[in-house]
Each structure stands twice: as C-alpha cells, then as structure tokens.
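I am opening a notebook on this structure. I will write down each thing I look up, in the order I look.

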Amino acid sequence: MTVTSVRTPRSSPPSIALIVVAAVLAAVLLVPLGYVVSVVADVGWGTLEPLIFRPRVGELLVNTVLLVVLGVPLTVLLGVGGAWLVERTTLPGRRFWAIVLVAPLAIPAFVSSYGWASAVPSIHGLSGGLLVAVLAYYPLVYLPALATLRGLDPALEESARSLGLGSWAVFARVVLPQLRLAILGGGLIVALHLLAEYGAFAFIRFDTFTTAIVVQYQSTFAGPAAGALGVVLSVLCLTLLVGEAAARGRARYARVGSGAVRAAVPVRLGTLTAPALLALTALGAAAVGVPLASVVRWLAHGSSWSQPELPSALTQTVLLAGGGAIAAMLVALPLAWLTARHPGPLARLLEGSSYVAASLPAIIVALALVTVTLRVLPGLYQTAFTVVLAYVMIFLPRALVPLRAGIAQAPVALEEMARSLGYPPLLARLRVTVPLLVPSLAAGAALAGLGAANELTATLLLAPTGTRTLATQFWSQASAIDYPAAAPYAVALILLSVPAVALMYAQSRRWGAR
Amino acid sequence: MTTLSLTGVGKSFGRVEVLRDVSLTVPAGTRTAVVGASGSGKSTLLRLIAGFERADAGTIALGPATLADAGRFVPAHRRGIGYVAQDGALFPHLTVEQNVRFGLPRRLRSSARVREVMELASLDAALAGRYPHQLSGGQQQRVALARALAPQPSVVLLDEPFSALDTGLREQTRQAVIDALEASGVTTVLVTHDHDEALSFGGQIAVIAAGRLVQSGSPAAVFDNPASTEIAAFLGAAIVLPASPSSGGADCALGRVEVRHDRTGGAAGARLLIRPAQLALSAANGTHNAVVEDVRPRGSHAELLLRTAGAAPVLIPLRVPAHEGSAYRAGMPVSVTVTGGGVLYPAD
Amino acid sequence: MTRRRSRAVLAAGLAASVLGLTACSDDAETDPVAAASDDTLVVYNAQHEQLTEEWAEAFTEETGIEVVLRNGNDSELGNQLVQEGDDSRADVFLTENSPAISLVENAGLLAPVDQATLDQVPEQYRPASGLWTGIAARSTVFVYNPDELTEAELPASIMDLADPSWQGRWGGAPGGADFQAIVSAILDLEGPDATSAWLDGMKDNATVYQNNIATMKAVNAGEVPGGIIYHYYWFRDQDGTKENSGNTELHFFGNQDPGAFVSVSGGGVLASSENQDAAQQFLAFLTGTTGQEILGTGYSMEYPVASGVAANPALPALDSLQAPAVDPSNLNSVEVTDLMTDAGLL
C-alpha cells in the first residue's frame, strides 16, 4: 500500500508555534557557525591573518587536503566495489561478506587507530592516517551504494546488454552513473568525518586541522589561534557541503513505471572469484581483524579488567548519550514535522541550517559552546546540558533522516481519516501518527545516542568536572600508552556501536527494497 | 440518512479561488456523483463537507443542523460523516478488523458489527487478521468503505476511490461498493474524474468545472441536455456541427435534424450537438452527405473518419462493428442519417 | 562517594535538560558542581590523574572533605581559569609545571597561601609572592637508545639538539605542557632570540610525539635515537614492566644547562573560591608529610619538595642534578606558546 500518494490539495500553513519553535532551534543549531563568524569579527582580521597565513597552517592544509583527496576516492573504491561484489555477483557467501563489509562501522575510528598503533607501532603520518581512516570510514559509502544497487531496476542493465554492452561496460555506463548520488552523499560524509576526526589521527601522529586545534586548545584554551584554525577548517567543511550540492545538482534517480523490482541476474565472477575473495578477506582482516586482535591481546594482559572507573564511566556514558538521544529527537521532531508536513521555503531554510550546523566538526561545536557558555551563558558552562547540546548539534542528522521518512509514512490523510471516524485532532494524532512514528523515533534515537556514546572530541572539551565517559576514559588510558587499561573501554565502545550498525544495515536494505 | 445541502460555498487557498458559489442538495439516502477534470475543485468540495478544511463562504448543512457557515464550524470528528480516500488510507499499523473497528463507539466494538460491515462490503471474514499491505487494492478500498460505514454515518464521502485500481478490478470493486451503499441506504457523495463512473453511480450527477458547479440533475437528464457543449464533451463523445435553426429543427452538414432541446435563447447562428450513437451509416445510393476519409480496423470494431460534404466540411469520427467496417474504404461516399434529434447551442 | 554523588547529580541535570530545553538558565538544576554539596572541593588538576587521585583519597580520608577533579593539562586549565575569571568554580589549581600557575597568578586570581603551608616548603621551590607553592618537582632528561647513540655522541647541552647534525635523531612532545615548561626555562636562561633559533632547529630536527610516554616508547622501539622527557616517566616504567623503556638509558645534562632544568609543580587557591578553608587545608596536606610521602613512596616517582620528605631511593638526589637557577615566577607560558606557534610547532 502506498499511503504516501494520498493527495492533499495544498499543504496547510504550519502553526505559528511550530514556526517559532523550529526557528529557535535552527538558530541554536547555527551557534557554531555564528562562533566562527564572530571569531573573524571579534578577533579582527589583523590578528587572524598572521595566524592563518603561516607555514604551519600550510602544512596542516596540505595534510588535510591530501587526506580528503586521497581518502575519499579510496573509500569510494572500497565501498562501491564491495557493494557491487556482494550485491551483483556470484561471489560465494554474499550475505556473510555483506555483513563483514559493514562491521568496521562498529569500531570507532580512534579504537581502530589504537589497535593498529599497538600492533604496528611505527605506523604514523599521512600513510598511517589514510590506512586507519579509509578502513574505518569506507562503510559510509558502502551502505548507500548497497541500498542503491539493491533498488536499481535490472531492466536498465538488461536494456544496456541488449544494446550490445558487456558486463564491465554495463557497470561503467549504466550502474555507476546511477550510483552517483550514493557516491556523492557517502563521499561527503566520509570527507566530513575525515575533517572532524581527532582521536584516530592524534594517536598515530598525523596532524590535521582538527588535531592542531585540539593541541592549540590544550596550550591556550579557547584562544585566537585555535579560533583561526577553526575558521579555516569550517571553510573547508562548508566548501565540501556546497561542492557536493553543486555536483549533485537536481539529479534524482527513480525507477520509471511501477511493477515490482526483480532481483538482478548476478554477474559471473568465474576466475575472478578467488582474487575477489582474497581481497575481501584482506579488507576484513585489516579493518576488523587487526583492531579486534589488538583489543583481545591487551585484554588478556591480566591487569586489564581491574578498571574501577569502568562501571561509572559506563553509567555516565549511558546517561549523557541517552540525554543526547532524547534531546536530538525532541529537536528533530519539529524540524522533521515542518519539512515533511509543511514543505516550503521556510522548511527548506530550516533544513538547510540544520545540515550546515551538522557539517561543522565536533571540535568547532565544542569550541563554540565553550566560548558561548563561558562568555554569554555562564550558568550552562561545564554542565551536562552543554554536552547534550553538543551531541544534538553533531548527531542531529542521524535523528532527522529516519524521522522525516517516518513522518512521510504517516501522511496527514490518516489523521483526517481518524477525525472523520470521530477522533478529535489530538487523539487522532496519538492513535494514528504516534504509533506509526515509534519505529523511526526509536531508530533515530538509537543512531544519535550510539553516536554520542562514542563521541570523543567534544566530550573531552565540554564534560562537566568529574564526568568521564567510556570514550574519554579510553582516550586518557590509551594516550598514556596504557594499552591493557584501555582495552576494556575499547570493548565497551565496540559493543555499544554494534546495535547502531545493525540498524543502519537493516535500514539500507529496507531503503533498497523500496 | 439525512439530506446534505450546500449553499453558496466558496473557498480560496491564498489568492487562488478553488470553489465559488457552489450550491448542491443531496437528498437523504441518495447517491450523488460530483464529476470534474482534475484541478476543478471537486476534492476540495469533499474536504469542506468532511470538515478537513473551512469554507470561506456559504453554508453546509446536514438535515436541520448547520455544519458550517460564517459563524459556525463543526469539526470533522463531530460531523458523523464517513470518508473513503483515493487509496483507502488504511492505518498501516492496524489489522483489517482493527481498522474497521477504529471508529466504533466503545460499547459497539463487538466483532458482530465488524463482521456485519465486512460482509456488507463483500469482504471475506478470513481477511480480518491481515494488515493493509497484505491486501489487494480492491480489498483495501472495500475495507476503507467498511471502516467508513461501521459507525453508521449519516453521509459517506468517496474521493476517487476506484482510480488507483486496475481496469478489471475497478468495475468489480465499484459494483461491490454501490451494492454496499445501496444496502446501507446512506447518503453518499462520490468525487470522480471518470464520466462513465459518474453517470452510472446513482441518482444525481453534479458537474464541476473551474470551481463552479455548472450543472446537476439525474444522469439521464444531464446527459440528454448538457448545459454547454463543454459539459457534453466531458460526459462522452460528442459531435458538434454548425447548424442553422429552422422551425423545430436545424440544418447541418448531415441534413436536417430534429432539435430536442433549444439552448440558443433565440440567438442567430448555432451549433448542434449529437452523439455518435445517434448516427446510422449506409453506403450511398445516389445521394451522399459524407465521404469516408480513413478506415482503421481495431479488431472488435473499426474506427471511421468521415468528412461531411458541402462548403465547410467537418470531420466526424465514428465507431462501427468490425464486420460493418470492412465494407468501407477511404474515398467512398456514404449516407449518414441522424436519429433522435440534437441539442442546439448558440454559436461560439 | 564523590563519584556516586556526581552521577546522581548528572542524572538530575540530564532529566532537567531533557524535560525542559528552555529551563537552561537555571544553574542549580543543570550544574552538577554547583548542585553538589558546598564543601566539595573542585580541583582543576593538570597533574597526573593517578597521583592527584591518590592525594584526594588520602585527603578525604583524613578530613572528610570530598574532592572532585577536572583534569586537563597546564596551559589548557591555566588559560581556562584566566578566561573564567571570578566565575570559576575551581577552588584549587594544581599544575605539573610552574608557567601555567604563574599565568593565573599574574591574572590576579590566586589567594595568598597560608603561611604555615609556605613554611613547609623551602624557598627555592615557591615564588616570593606567596600566592602559590611548589608541591613536587621533576627533572628534564634526555632518554636515548644505546643501540643508536653511544655515550660519546650524547649532547652536552640541550641547545645542541638544534644543530643540523641532530636532524631526525631526536623526538619530543611540543604540544604538551611539560615540553613547553622546558622551553620557558630556555627562554628565561638564553633569551628570546636564542630560544626562537632553537625552536626553528627543533622544527627541522625533531620528530613530534603526542606526549612524553609516546616519545620514550619510540626511543625504546628504536624509531628515534633520543628524546626529551621528564625523568619520572622512565623511572615509573623501569619500576614496572620496562615495556616502554627496557632498551633505553637516561642522560642528565647537569652543568646548570637549560636541559638540566628542574620544573616545579605548583598548587594554589583561587581567590574566587568559596571554599577557602578546605582549599588551604588541601594545599597544607599536599605539602605536609603525608602528601609528600605519597610522592616519595607512591607510583609517582616525582621529587618531593617539602616537609623534608625523601625522594624514592631509585632516583638520583635532587641536589645532585646541577639544575640551573630559574625563578619559577619568571617562567612565561604565553610568550612560549607564541614563540612555538611562530616556529610552526603548534
């Protein structure tokens, strides 16, 4: 049943209250961007110029740009290649490999970096950063590619074959162009992650803007030098965001006609089967095997489990991340409602600002919140509220995306139907819309909350005095090179990530099937 | 079972006027089909009646009770008006039985009433436990009807309920729905863009165009005497020929035709409406008034294109049984006779 | 105890923040520290967490006063205190090195330390102002891998490491406060021009590590022949598994060389603290016999500086190190970070 096609003659205008709430939320979300702008305005270009145009920034720029320019294509190669192998070929054990390929998402990048650094101590610099980051982040391309391949109408490929194209030509000329949105979207997310990552790179001595900002922060607190680096980093992020939007253009790919999608006839790998299996095994070993083996090795070290802080860190992580999840849903709900139920210029503006806000790295969000709470709202300084707010800013898209899909699945026509059956408006919403939203509310909250549970950078800067999360405890042990003491935290972080990854994987399969 | 009456109803969205001065009475226990092209405002009319939107002007009343006028607005949930949407709008998280039971008052939520309306809508009781996505399109529509009928509303509104269905299923579902409505005796308004559906639905048809109610009456009366050639063409294939009236008849390219209804009001210059079914065709023996322009065999029938003879030729498409079609060839002169008279309209 | 309370308060804060996103300006509900009992001591701790936790536990046991730590490093917390100003919730500030506490002192944020406490500490380990006191000391050392460097090749002075012959042959952690303190000593002893030149040499020569342990580990693994660290990282590892120092030796520069710099860890009470008594008690405790013995006998391996407590017997005597005479009050952290930023090390 396609409820989504129910016609409403015109979307009714949103209530004033909804507009006000959404506008206030969007304004709050834009605080980090405002911070970046105010650094430029406050400190003045005269102070900033020498801080920005200096050799060190040049080095960081080269490192960071190389990381993105080399890292993104590599993740696209692994992500698309992997998705194609498990979705469209005769590879043996495709279901197994489909899950192996998504598994690295369950290992936070800084834990993976710890695993690699303790297994191969000499790993460092750009090559090390690339290795760790590509292995940690390629699933962000793999998942959308998998969903797209699953949803592609094989009739297109069959038509191409009937026009005389071979398997590879079909892939290059028909499949790949249709993957453009998945590649662009996934690539953007990977690039933003690369720009925002702190722990993974700090661990293996690879300097990017984000690691340099943290070092500056540790040397001068929220001083102008950190702000100056933050300005450059924010410009990089926003450039990527705009670039992706421009490259995407108005492209929308949809299947023409109705009728169910048939499964595609898989491509026969033949003699390429063995190399393909070998490549996937190597990838799985590098991305999952090495980090897990390191963790297990340090766990076996004996002293490992005598971590008195573990239970309290777990509790505080659950409380903070749970608060972050609930708050993210509370913020996402009016925004998603507005964009799904009352599309229009206002909704687009609010949606756009939420994406701009979320594209800024955690370190910028943290710097902004430290500065704003210290100077403007001292009552919020060093409070759990501020940490939760940072989580909302960083993980809002994770909550927004499923929620918006959920609201689209619960069209206003269903509420009208309930009203025509005698239910007053609020009761109609409660009986019809709310039950329909529960799965997407749960999915959004889980994704945002589990992201928050693994968050390191902003938590390091913002956590209230005395608060330690799994991630910050792991970080403090691991950066003191106390590998055995860090291992239990690594295990806890991985276990906490597994459900989120399972959810994302299930979601990509469902989107594909639609 | 109550009479539904609309008086002078108007509605705008922003600057766009969607409905203007619509007055319509649906007598208690009867069925009315509102027909119009898409964008004509007919769905909005239904939403005003249901109480999903507020009218800007006019009165909507149910029997003696005013539902909406300048000072009064009864919200949708207090109107007791059932609604069936285009694709059913079944609640996806509820089973068929839960959907049907949804609008029943607590004390009536027995499975007896649910079974009763399901039976009324020709639904197999075995479907009760299924979820909407496990039903066919036709079944979904019938569940939607059963759900709307269950609380015994005084009026049921149907918004293009059959348009999403495949052709075969559509006819079958439509009949099941009409039977159920007939059996329950509920006052019904159907909105559709399909003229056949509208003409065969029930006691009254109301034609809506560009937000205005342009004609209403019994299907036979409206079809027989359309208020304009546009309405005529909307309700079925129409042939409009230039004609000159003369004492009880009119002269046109096909000769003299009797005038059934004269809508010219005495103006000079006129057009004559006839239906293709009124034409009889024979090979010309001596005199002819048309020439076959083209013959297209279509298996079960043939489509002919005729060009009238005379100074200002007119092309007339005509459908004849296959075996007759084979008798004609392009260029052949034919004789066309008109039976049953036509409707005369003023010239453009 | 402390932990349980802060957890409960955190939960309350979360509930409040989640239930009403607008109820944000209400301090008492959302601020775990403010809501904690008034006599809980808030310590901005740049010292090693493990050490300060040992101190805090012993202090709580002795006085019943609970202590909550905000951990960070010297410059971060020092600058943070300056930016927080009178609004700070900190009662006590403990550093690893003196520049950060001088920074806070110069901002006029410290209250005078009780005379009784000052009397426990010899004059060379505290500033004349009496606004803070030394609580521990650590010596700069050159850790090296004998497989890579012979004794004859060892640098006579830390200043030699800027020489091109040392390119790629030593490492350090310039992002850390420890290293920045060493640079501040160089600045104090050699002046800004020489320091600037030395930092440029370091930029060319040194491999940059995240911290002292990472530097020592790299030397131990033979990734780099030598590195500048503080002594206690090496002695702690030697005392334990030797996993990160087994292949290394220490070289003390001596000779009043800037590289023989002994850094004083500072402790001070914030003037804005509403817990002056408890805060002063805490400083008195740290510099008293019990507090200093934790340094001498515990895991720390830092040098005790007060109450006549002896250092861990594994360490060379503090007065045998031939450290240069540096007045801790003179060390300037702001100029150091500026110089290091100019040199491209930050």
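**Entry: A:Leu78**

I began with A:Leu78 and found it in helix 4 (residues 55-88) of chain A. I kept in mind that this is a predicted model.

Is A:Leu78 buried or exposed? I counted 23 other C-beta atoms within 10 Å of A:Leu78. The cut-off for buried is 20 or more, so A:Leu78 is buried.

Next I asked which residues A:Leu78 touches, leaving out those up to four places away in sequence. I found A:Val134, A:Tyr138 and A:Leu283. I also looked up A:Leu280, which is 202 residues from A:Leu78 along the chain. The C-alpha atoms of A:Leu78 and A:Leu280 are separated by 9.5 Å.

**Entry: chain A as a whole**

Chain A has 24 helices and zero strands. Its radius of gyration is 24 Å, and the globule rule gives 24 Å for 514 residues, so chain A is as compact as a globular protein of that length. Along the principal axes, the C-alpha atoms of chain A fill a box of roughly 65 × 60 × 50 Å.

I checked burial too: 54% of the 514 residues of chain A count as buried. Then I took the contacts in chain A between residues at least 6 apart in sequence. Of these, 82% join residues at least 24 apart.

**Entry: which chains touch**

Two pairs of chains touch, and I noted that chains A and C make the most contacts. Chains B and C do not touch. I read 29 Å between their nearest C-alpha atoms.

How many residues of chain B are in contact with chain A? I found 25, and they meet 21 residues of chain A. Helix 1 (42-50) and strand 7 (81-84) of chain B each supply at least two residues to this side of chain B. Helix 1 of chain B gives the most, with four residues. I sorted the side of chain B that touches chain A by class: 14 nonpolar, nine polar and two charged residues.

**Entry: the record for chain B**

I turned to UniProt for chain B. The unreviewed entry lists residues 4-235 of chain B as "domain: ABC transporter". Over residues 4-235, I read 33% helix and 28% strand. The end C-alpha atoms of this stretch are 25 Å apart.

**Entry: two helices crossing in chain C**

Two packed helices are described by the angle between their axes and the distance between the axes. I looked up both for helix 4 (residues 49-63) and helix 12 (residues 276-287) of chain C. Their axes come within 11 Å and cross at roughly 115 degrees. The crossing is right-handed.

Which residues make the contact? Helix 4 of chain C brings C:Trp55, C:Phe59, C:Glu62 and C:Thr63. Helix 12 of chain C brings C:Gln281, C:Phe282, C:Phe285 and C:Leu286. By class I read five nonpolar, two polar and one charged.

**Entry: helix 14 of chain C**

My last stop was helix 14 (residues 333-342) of chain C. I listed its buried residues: C:Ser333, C:Val336, C:Thr337, C:Leu339, C:Met340 and C:Thr341.

After helix 14 of chain C comes C:Gly344. I noted that the phi of C:Gly344 is positive, near 80 degrees.

Methods: Residues are numbered from 1 along each chain as its sequence is written. Chains are lettered from A and ligands numbered from 1 in the order in which they are written. This is a predicted model: local features need pLDDT of at least 70, side-chain atom pairs count only at pLDDT 80 or more; totals for chains, interfaces and linings use all residues. UniProt positions are given in the numbering used here, feature names are shortened, and annotations may be inferred rather than shown by experiment. The radius of gyration is taken over C-alpha atoms; the globule rule is 2.2 Å times the number of residues to the power 0.38. A residue is buried if 20 or more other C-beta atoms lie within 10 Å of its own, exposed if 12 or fewer, and partly exposed in between; C-beta atoms are placed from the backbone. Two residues are in contact if their C-beta atoms, placed from the backbone, lie within 7 Å. Axes are lines fitted to C-alpha atoms, for helices over the stretch in contact, and angles run from 0 to 180 degrees between N-to-C directions. A crossing is left-handed if the near helix is turned anticlockwise from the far one by less than a right angle, and right-handed if clockwise. Ala, Val, Leu, Ile, Met, Phe, Trp, Tyr, Cys and Pro count as nonpolar, Asp, Glu, Lys and Arg as charged, and the others, Gly among them, as polar.
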